[in-house]
Amino acid sequence: MVTEKIGFGGGCHWCTEAVFASLKGVNKVEQGWISSEPPNEVLSEAVLVHFNPSIISLSILIEIHLLTHASASNHSMRDKYRSAVYSFSDNDEKAMRSLETLSERFDSPLMTRVLPFVSFESSPEKYQDYYQKNQGKPFCETHINPKLQLLMQEFRSHVKA
């Protein structure tokens with residue numbers, strides 16, 4: 001089985017983890033913080049997504065990422081929630097092409113950038129699989145459930161049963 005890896009940052013990593021963990025072809029989601037090269041070397045909330053490209057494409061993953069966080073908003077929390085696709089050398093070009101193509105769907109310019117992956121620090125164990133452990137909590141109901149509902153509306157064929 002071929003597995004590729006990509007990083008996504010943009011919103012709360014609890015939300016991002018729940019979104020990507022619910023997709024067919026995603027084998028593993030690591031929640032934590034990612035850094036890139038200067039001027040983006042400060043760790044920012046993100047996830048590493050391990051996926052099978054024969055089941056779900058990188059472009060679909062990027063599209064889902066853009067639609068499930070404020071990818072066109074230059075809000076005050078961008079340092080903590082950097083909007084990025086963190087690429088590894090083998091998927092740099094594919095990620096940039098996908099981002100360019102998908103940007104046409106948005107009324108405002110995207111804040112999301114393709115950045116090289118430099119390092120990852122995992123979240124503490126108690127926060128891993130946050131949504132699965134806390135589905136009934138107000139944060140999940142308010143912030144994560146709407147993103148999962150969007151997945152069911154827009155990407156139903158890619159969502160695990």
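Which residues touch the most other members of the largest nonpolar core? In this predicted model, local features need pLDDT of at least 70 and side-chain atom pairs count only at pLDDT 80 or more, while totals for chains, interfaces and linings use all residues. Residues are numbered from 1 along each chain as its sequence is written, and side-chain values use heavy atoms, with hydrogens and water left out.

A nonpolar core is a set of buried Ala, Val, Leu, Ile, Met, Phe, Trp, Tyr and Cys residues joined through side-chain atoms within 4.5 Å; buried means under 20% relative accessible area, exposed over 50%, and partly exposed in between (1.4 Å probe, protein chains only). The largest core has 36 residues, of which Phe8, Phe20, Leu23 and Ile62 touch the most other members. Elements giving two or more residues to this core include β1 (4–9), α2 (58–67) and α3 (92–103); helices (H or I, at least four residues) and strands (E, at least two) are DSSP runs, numbered from the N terminus. Helix α2 gives the largest share, six residues. A second, separate core of seven residues includes Ile34, Leu48, Ala84 and Tyr86.

Three salt bridges were found in the whole structure, each defined as a side-chain nitrogen of Lys or Arg within 4 Å of a carboxyl oxygen of Asp or Glu. Lysine 94 pairs with glutamate 4 (3.5 Å, N to O), linking helix α3 to strand β1 across 90 residues. Lysine 94 is partly exposed at 33%, whereas glutamate 4 is buried at 14%. A salt bridge also joins glutamate 93 and arginine 97 (3.7 Å, N to O), both in helix α3 and four residues apart.
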